[in-house]
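Got the model open and want a guided walk through it?

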Amino acid sequence: MGLGGSDMYRQQILDHYKSPRNYGEIEDPTYTHVGENPMCGDTIEMDVVLDEDEETIERVAFRGDGCAISQASASMLSEQLHGMAIDELREMDRDDIVDMLGVDISPMRMKCAVLAEKVAQDGADIYFGELDVDKTKTEDDDADVPDDAE
């Protein structure tokens, strides 16, 4: 499966996959964005509510489906984003996601693991007028996600 690490972290990933936190929709979110990992078939759509100053994330919800890594990562990230400054979200990288998951992620699974992060970041960049895309695709990502993983 390409996962290394302790059984505790593997159990945590399975728990988030089977019982995702913040799964669903938010009515009238500040922004909504969707992304996919065409290699694996993962999809994630994320709703984010910012505070009135548009500096802090107040609420996050996601929906989608795919492998255990992508869905657990979205669930875990949705918990971590609550109360986070939007600038902190924008500075996150794949190392933050690997640390959050607590297991080694193989190159083949890295795009699964970072999909939710990329969806949240791209959604913020679109909302603030710094990016113009309809959908995030991990195959088009920058150096943050190795292309040789395919």
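Predicted model: local features only at pLDDT ≥ 70, side-chain atom pairs only at ≥ 80, totals over all residues.

Residues are numbered from 1 along each chain as its sequence is written, and side-chain values use heavy atoms, with hydrogens and water left out.

The pLDDT is the predictor's confidence in each residue, on a scale from 0 to 100. The protein averages 90, and 89% of the residues score at least 70. Be careful with residues 141–150, where the pLDDT is below 50. Beyond near neighbours in sequence, that stretch still has 20 contacts in the model, a contact being heavy atoms within 4.5 Å.

Now to the helices. Helix 1 (residues 7–18) packs on helix 2 (residues 68–81) at about 85°, with the axes 8 Å apart. Axes here are lines fitted to C-alpha atoms, for helices over the stretch in contact, and angles run from 0 to 180 degrees between N-to-C directions. Helix 1 and helix 2 are therefore roughly perpendicular; the cut-offs are under 35 degrees for roughly parallel, over 145 for roughly antiparallel, 65 to 115 for roughly perpendicular, and oblique for the rest. On the helix 1 side the contact uses Q12, I13, H16 and Y17, and on the helix 2 side A68, I69, Q71, A72, S75, M76 and E79. Those residues divide into 6 nonpolar, 4 polar and 1 charged (nonpolar is Ala, Val, Leu, Ile, Met, Phe, Trp, Tyr, Cys and Pro; charged is Asp, Glu, Lys and Arg; the others, Gly among them, are polar).

Helix 4 (residues 94–101) and helix 5 pack at about 100°, with axes 10 Å apart, and are therefore roughly perpendicular to each other. R94, I97, V98 and L101 of helix 4 meet M110, A113, V114 and E117 of helix 5. This contact has 6 nonpolar residues, no polar ones and 2 charged.

What about the rings? Phe, Tyr and Trp rings (for Trp, the six-membered one) pair if their centres lie within 6.5 Å, with planes under 30 degrees apart counted as stacked, over 60 as edge-to-face and the rest as tilted. The count comes to 3 aromatic pairs. Y23 and F62 have ring centres 5.2 Å apart and planes at 85°, so the pair is edge-to-face. Because Y23 sits in the loop between helix 1 and strand 2 (31–37) and F62 in strand 4 (residues 57–65), the pair ties together parts 39 residues apart in sequence. F62 is buried, at 0% relative accessible area, and Y23 is partly exposed, at 46%; buried means under 20%, exposed over 50%, and partly exposed in between (1.4 Å probe, protein chains only).

Y127 and F128 are also paired edge-to-face, 5.1 Å centre to centre with 80° between the planes. Ring pairs link Y31, Y127 and F128 into a cluster.

Finally, find K135 in the loop between helix 5 (107–127) and strand 6 (136–137). K135 is partly exposed, at 38% relative accessibility. Leaving aside residues up to four places away in sequence, K135 touches H33, V34, G35 and E36.

Definitions and conventions: Helix = DSSP H or I, 4+ residues; strand = E, 2+ residues; numbered from the N terminus.
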